[in-house]
Amino acid sequence: MKMAEKVTLLSFWPSMFCVRARIALEEKGLSYEYREEDLPNKTPLLMEMNPIHKKIPILIHNGKPICESLIIVEYIDDVWSDRARLLPSDPYEKAQAQFWADFIDKKVYGAGGKITWHRYKHEAAEGKEELIQNLKVLEGVLGQVLFRRGDVWICGYCSFGILHVVSCL
């Protein structure tokens, strides 16, 4: 990172999405300012940098905001491409990694949310069943063998890649 570059991460420590952005920054070895947000009392900076969704994480690079954790990971990988890659360079392999990251966000995290935030007992049971089935899908894709796609190991327990950023949380 050049001396003139300023990187700030607006975050909230228990958020898996914020942790994902922090892992990407740390894996790239970047210096950055960490700013913890109080979500019930959102700061003017958060509201200015993400006026549409008003949520974290937000990466601020030289005054420009980048929102949404998977977009932040891809941005970090593209801007600091001279450092260890987080995503495959091959477009197809990159799309595959992004597909499984999206699967984790929507299916795994979504089912976990049903367990945590249910209104009725049957909703928690349904969420638990969904979570188990979705984890079995992931296990089938990632757990059979250790494999390498292009220039990035995509199994989270092998080395590093976007699925590691996503699945380690």
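**Entry 1: two helices crossing**

Is the crossing of H3 and H4 left-handed or right-handed? I looked it up, keeping in mind that this is a predicted model. The crossing of H3 and H4 turns out to be right-handed. Next I noted where these helices lie: H3 covers residues 69-79 and H4 covers residues 91-116. Their axes come within 11 Å and cross at roughly 150 degrees. Angles over 145 degrees count as roughly antiparallel, so H3 is roughly antiparallel to H4.

I then listed who touches whom. From H3, the contact uses Leu70, Glu74 and Asp78. From H4 come Lys94, Gln98, Ala101, Asp102 and Asp105. Sorted by class, this contact of H3 with H4 holds five charged residues, two nonpolar and one polar.

How far apart are the axes of H1 and H3? I found them 9 Å apart, with an angle of about 5 degrees. H1 is made of residues 16-27. Angles under 35 degrees count as roughly parallel, so H1 is roughly parallel to H3.

Phe17, Arg20, Ala21, Ala24 and Leu25 are the H1 residues here, and they meet Ser69, Leu70, Ile72, Val73 and Ile76 in H3. I sorted these too: the contact of H1 with H3 has eight nonpolar residues, one polar and one charged. I made a note that Leu70 is listed in the contact with H4 and also in the one with H1.

**Entry 2: a pocket**

Which residues line the second largest pocket? I wrote down Phe17, Arg20, Asn50, Lys55, Ile56, Pro57, Cys67, Glu68, Ser69, Leu70 and Asp105. The volume of this pocket is about 150 Å³. H1 and H3 each give at least two residues to its lining. By class, the lining has five nonpolar, four charged and two polar residues.

**Entry 3: two backbone details**

A cis peptide bond joins Ile56 and Pro57, with omega about 5 degrees. Pro57 sits in the loop between helix H2 (44-49) and strand E3 (58-61).

My last stop was Asn62, in the loop between E3 and strand E4 (64-67). Phi of Asn62 is near 50 degrees, which is a positive value in a residue other than glycine.

Technical notes
Residues numbered from 1 in each chain as written. Predicted model: local features only at pLDDT ≥ 70, side-chain atom pairs only at ≥ 80, totals over all residues. Heavy atoms only, no water. Axes fitted to C-alpha atoms, helices over the stretch in contact; angles between N-to-C directions. Helix = DSSP H or I, 4+ residues; strand = E, 2+ residues; numbered from the N terminus. Parallel < 35°, antiparallel > 145°, perpendicular 65-115°, else oblique. Left-handed = near helix turned anticlockwise from the far one by under 90°. Contact = heavy atoms within 4.5 Å. Nonpolar A, V, L, I, M, F, W, Y, C, P; charged D, E, K, R; others polar. 1 Å grid on protein atoms, 1.4 Å probe; cavity = no way out; pocket = protein on both sides within 12 Å on 5 of 7 lines; lining within 4 Å. Points joined across faces, edges and corners; volume = space filled by probe spheres on them.
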